[in-house]
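Visitor: I am new to this structure. Please show me how to read its features, one at a time.

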Amino acid sequence: MRIMPWVAGAALWLCFVSPAVAAVYSDALTSLPGLVSYWPLNEAPGSSIAADAIAGDGVDGYNTGVFSGRGIALGDAGPRPADGWLGFAADNLAPTFTGLPGAQLAMSNVAGYAGMTDATLLGWVRVTNPAVESLTNTFGGLQTTDFPRSAFAIDHAPTGLRGMVRRGSDDRVLVGPASVSNLSTWHFVALTYQGGAMGRLYWDGVEVASISLATVRGLDQATALVFGRDIGDPTRALHGQIDELAMFNRALAPSEIQTLFLAAKGEMPHVPGTVATAGYFETALNLGGLRNHWRFSETSGTRAIDVVGGNNGTFVNVAGAPVSLAQSGPTSSEGHDNYSFTGFEDDNSAVRFVWNTGANYMQIDNGQRIGSPTTGLSFADGVEQLTMSMWFKKTYDSDGYLAGFSKPGTSNRYVFSVYSPNGTDLRFYAMSDNGVQMTSPDITVDSPGDCQWHHVVQVWDGTEKRLRVYVDGQERFNDANASMTRNLFIPGGFHLGRDVYASIRNLGGLLDEVSMF
């Protein structure tokens, strides 16, 4: 997961540097010159044809594909915003291959690629059966029936990720192997061939292998353009998914490969000197890595909608006093003495937890996952990097639990949490999976009785075993603890407004725009 130091965006500063607003992945892909075929693979169950979104390109024409063989499921979930891929549609689809012999996606035209000295093959892939990660999973590409069969193709073998370039029956070039990990999650893979003499292999936008050749030769004539299996070896079938396949008649530059990967995450390369024009929520989306976002725009009911991950919250009334919805949130007129929050709508609303009239709080559907409540990143699998961002305004001069992940127990309950010990200060916690907890000192954010909106962010970076804290865009705490481990402790749940496991520390205050990255 991406480490986000702060997400104040246009809402906090009147003039600041921000990433440009990103196009969705398909827009970024189709804007690149040299694209000859693009198969989005959004076919629903019951279809047998894979549409080519590019026609009349002069290389392979309208190159439709055909799904054939047993063991292909169409209409399964592809990379989606709920899993951190904000550049794709929320209902993006992808086919699943179960590894049965003969199951394949074969394109109708292959002859146009013969002799090309510049080409790019790219797409998205994941292996859905961890038991077969040690086998060869063929993602696919240009293939021949005689050995060596891969003419311009990608697979993952026991030795690692490989790109194959065949320039003749006696001239097969191997790009790689490269060691890659976490095959069960979605990854962006690309193979380029440049000038008939240079091959490069990319994984998630980064070059992982390359080879430079002494002679210049074009691609050999392939028999088929096939994905999901090795046409000459039934044991090298794909146990997984592919999506967003594309072919170019030129070698994409490393910066273009990186741009496509960033677009899939919902961000674009930073352009120094640019000023954000997007509002707060759009800015948060464009930063990349956003897994959950509760806007608190509800006006009634007991549900708080997570507009990104679908991990919705429920407002719980403990002592006869419900939370107050549709309260005024940070806006250009309801802000801070020193800032004007122009990045919010004029009618932006927040939720108020009412300490002095009863205990109330919010809990989410699955407090042990980041992102989707069913398929998001599980704490049980390890959460090494996490950012929690929120807007907060104190309304009652007492202690109170703002938000975070916690666990049952009489002490050391806070896994990744923010707590206000009084009317002016905040305290931050992080606990690694070996039970060691780090606590910040009390950080003063308000003067007594001077209750104003503040942007609060805490960041866990397990690679350094480090906790960082930001208030209103300024770093207020930064420390590491070598006794901690990389991953956060597995929590019991995620709550706002109350220390649920101790039934204490009821919050008197407002929260808005709570996010997880």
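Visitor: How many nonpolar, polar and charged residues are in the lining of the second largest cavity?

Guide: Start with the classes. Ala, Val, Leu, Ile, Met, Phe, Trp, Tyr, Cys and Pro count as nonpolar, Asp, Glu, Lys and Arg as charged, and the others, Gly among them, as polar. Here the lining has one nonpolar, three polar and two charged residues. They are Thr-138, Gln-143, Ser-150, Ala-153, Asp-155 and Asp-230. S8 and strand S9 (150-157) are the elements that give two or more of them. S9 gives the most, with three residues. This is a predicted model: local features need pLDDT of at least 70, side-chain atom pairs count only at pLDDT 80 or more, and totals for chains, interfaces and linings use all residues. Residues are numbered from 1 along each chain as its sequence is written, and side-chain values use heavy atoms, with hydrogens and water left out.

Visitor: What counts as a cavity, and what as a pocket?

Guide: Both are found on a 1 Å grid over the protein atoms alone. In a cavity, a 1.4 Å probe fits but cannot get out. A pocket is an open set of points with protein on both sides within 12 Å along at least five of seven lines. Lining residues have an atom within 4 Å of a point. Points are joined across faces, edges and corners, and a volume is the space filled by probe spheres set on them. The whole structure has two cavities of 30 Å³ or more.

Visitor: Which strands each supply at least two residues of the lining of the largest cavity?

Guide: Strands (E, at least two residues) and helices (H or I, at least four) are DSSP runs, numbered from the N terminus. The strands in question are S7 (119-127), S8 (137-143) and S16 (239-248). S7 gives the most, with five residues. By class, this lining has 10 nonpolar, two polar and no charged residues. Among them are Trp-124, Phe-139 and Phe-227.

Visitor: How much space lies in the largest pocket?

Guide: About 1200 Å³. It has 35 lining residues, and the closest to its centre are Asp-83, Thr-185, Trp-186, Arg-291 and Leu-377. Helix H3 (254-265) and strand S24 (377-378) each give two or more residues. The classes are nine nonpolar, 16 polar and 10 charged. At least three residues come from each of domain 1 (24-265) and domain 2 (280-516); domain bounds come from an automatic or database assignment.

Visitor: What describes a pair of aromatic rings?

Guide: The distance of the centres and the angle of the planes. Rings of Phe, Tyr and Trp (its six-membered ring) pair if their centres lie within 6.5 Å; planes under 30 degrees apart are stacked, over 60 edge-to-face, and the rest tilted. The structure holds 19 such pairs. In one of them, Phe-341 and Trp-391 are edge-to-face, 4.9 Å centre to centre with 75° between the planes. Phe-341 sits in the loop between strand S20 (324-328) and strand S21 (349-353), while Trp-391 is in strand S25 (residues 385-394), 50 residues apart. Phe-344 also pairs with Trp-391: the planes are at 85°, so this pair is edge-to-face too, with centres 5.3 Å apart.

Visitor: Why does Trp-391 count as buried?

Guide: Buried means under 20% relative accessible area, exposed over 50%, and partly exposed in between (1.4 Å probe, protein chains only). Trp-391 is buried because its relative accessibility is 0%. Phe-344, at 5%, is buried as well.
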